[in-house]
Amino acid sequence: MATIIELRNRRKALIDLMKPLAEKSSLNNNERIQWEKSKKEIADIDREYTYALEDLEVKRFMAAGRQNDRDLSRYSLRRAIELRMQRKKLDGVELEMHQEAEKENRELGLKPVNPMGIGVPSLLRYAPLKRASTGQNIGTAADGGNLKQEEPVLFIEGLRNALVLPRMGARYMTGLVGDFPISIGGTFASTWMAEDAEASTIKMTFGKKTLTPKRLQTQGALSKRLILQSSLDAEALIEGEILDAIAQAIQIAAINGSGADSQPTGLLQTEGIGSVAGGTNGAAPDVDHLIALETAVAADNALLKPEYQSFLTNPLVRGKLRKTFFNDTYGGRPLWDRGPLAGVGEVLSYPAWVTNAVPSDLTKGSASGVCSAIIFGQWDQMFIGQWGGFEVIIDPYSLSDLAEVKITVISHADTGVGHPESFAAMVDALTD
């Protein structure tokens, strides 16, 4: 079986071969034969690629199952950080997982793990978290067994849970290999024609959006005293600090990434999404603006799955809409009403979500740096991809005067929108 990288390269070469043909308004007989041949080869490669991915996932799953009770239950990111902080070599399950991360990076074509870093492979996302403090026996209830947590390891699943977008329906995909197309194939049109009329080949388009691994570097500091703790609470706190920072960066990029300087292209920067303008210098959001957002998406036939349709904005807009009513009568129903879940509101009968990742410092006319965004859409058309696990680099020297350790975490992710018509945004909402 060909490797995943070989299959990816073969597919790219065939697409490059087909692109000049796709630009033509019609094809001659030889060109049509070449087109059909290449199309069949791509279909065969896609099937083989799928089998290769499934085979890789099954092997990782089985590896996690074989090691789970004996090894992965003992994995401790805190302990790995402590060893590197003391300039010691990794050992035990921490070393095994570091080596697995190195292997995974080679398979994905990513940069090697830093020799003095800590590799955290995606393999760990399959493993239940069964930890015990140093010197305790997790098999004995009174000696640590009662502290056992039957939950996924936090490294991957914790990142998913820290993001608002997947809970709204955005597709969060881990274990990606190579580029991942989220809007593929050609554009087709139907035309009524006379029986003997000749139809021309319709121009095809390729690769509207492809997720590619982009390096995300996250830095922070942890107290040396915290790292030296061996309690479950210390483990969770260390992981939580790291994952919250990564999640916030991914979420900000997914919503408003610039697309420049190696950043993903965020939703608000995506060409083709619907637009609702408040005014020359912005405007306070009202019911007409909210209805216009809904209508912009519906008019493009993009409201197909009700379970994934919702509003997203920031706390400033939420506060404004809570004080804005459908009518001027005191006690009337607010635009932002109580929703089905804690922390989730309701706007125009749709769920309404909040995150500070939605910008509140946009500019419209003379309203400089005070405008907020309001987004409505079908959120299963947003994709968040992750390649491999994480690499953690420890610097015990830079902040030694503060008794802190500098931590750098390297991961690879990207975000993108499948069909831009599935979203509409107002980017000049005033909240004061």
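Buried means under 20% relative accessible area, exposed over 50%, and partly exposed in between, with a 1.4 Å probe and protein chains only. The model is predicted: local features need pLDDT of at least 70, side-chain atom pairs count only at pLDDT 80 or more, and totals for chains, interfaces and linings use all residues. Residues are numbered from 1 along each chain as its sequence is written, and side-chain values use heavy atoms, with hydrogens and water left out.

**Exercise 1.** Decide whether Glu-271 is buried or exposed, and state where it is found.

*Solution.*
- Step 1: Glu-271 is found in the loop between α8 (232–256) and β8 (274–275). Helices (H or I, at least four residues) and strands (E, at least two) are DSSP runs, numbered from the N terminus.
- Step 2: Glu-271 counts as exposed because its relative accessibility is 76%.
- Step 3: Pro-420 is 149 residues from Glu-271 in sequence, yet the C-alpha to C-alpha distance is 7.1 Å.

**Exercise 2.** Describe the surroundings of Gln-378.

*Solution.*
- Step 1: Strand β14 (residues 367–378) holds Gln-378.
- Step 2: With a relative accessibility of 3%, Gln-378 counts as buried.
- Step 3: Contact means heavy atoms within 4.5 Å. Leaving aside neighbours within four places in sequence, Gln-378 is in contact with residues including Ala-302, Tyr-308, Gln-309, Ser-422 and Phe-423.
- Step 4: The side chains of Gln-378 and Gln-309 make a polar contact at 3.3 Å. Such a contact is a pair of N or O atoms within 3.5 Å; within protein, one must be able to donate a hydrogen and the other to accept it, and residues adjacent in sequence count only if both atoms are side-chain atoms.

**Exercise 3.** Find which elements line the largest cavity.

*Solution.*
- Step 1: On a 1 Å grid over the protein atoms alone, a cavity is a set of points where a 1.4 Å probe fits but cannot get out; lining residues have an atom within 4 Å of a point. The whole structure has 3 cavities of 30 Å³ or more.
- Step 2: The lining of the largest cavity consists of 14 residues, with Asn-105, Gly-389, Phe-390, Glu-391 and Ile-410 nearest its centre.
- Step 3: Two or more lining residues come from each of α4 (92–108), β1 (117–120), β15 (382–395) and β16 (404–417). The largest share, 4 residues, is from β15.

**Exercise 4.** Summarise the chain as a whole.

*Solution.*
- Step 1: The chain has 10 helices and 17 strands.
- Step 2: Of its 432 residues, 46% count as buried.

Conventions
1 Å grid on protein atoms, 1.4 Å probe; cavity = no way out; pocket = protein on both sides within 12 Å on 5 of 7 lines; lining within 4 Å. Points joined across faces, edges and corners; volume = space filled by probe spheres on them.
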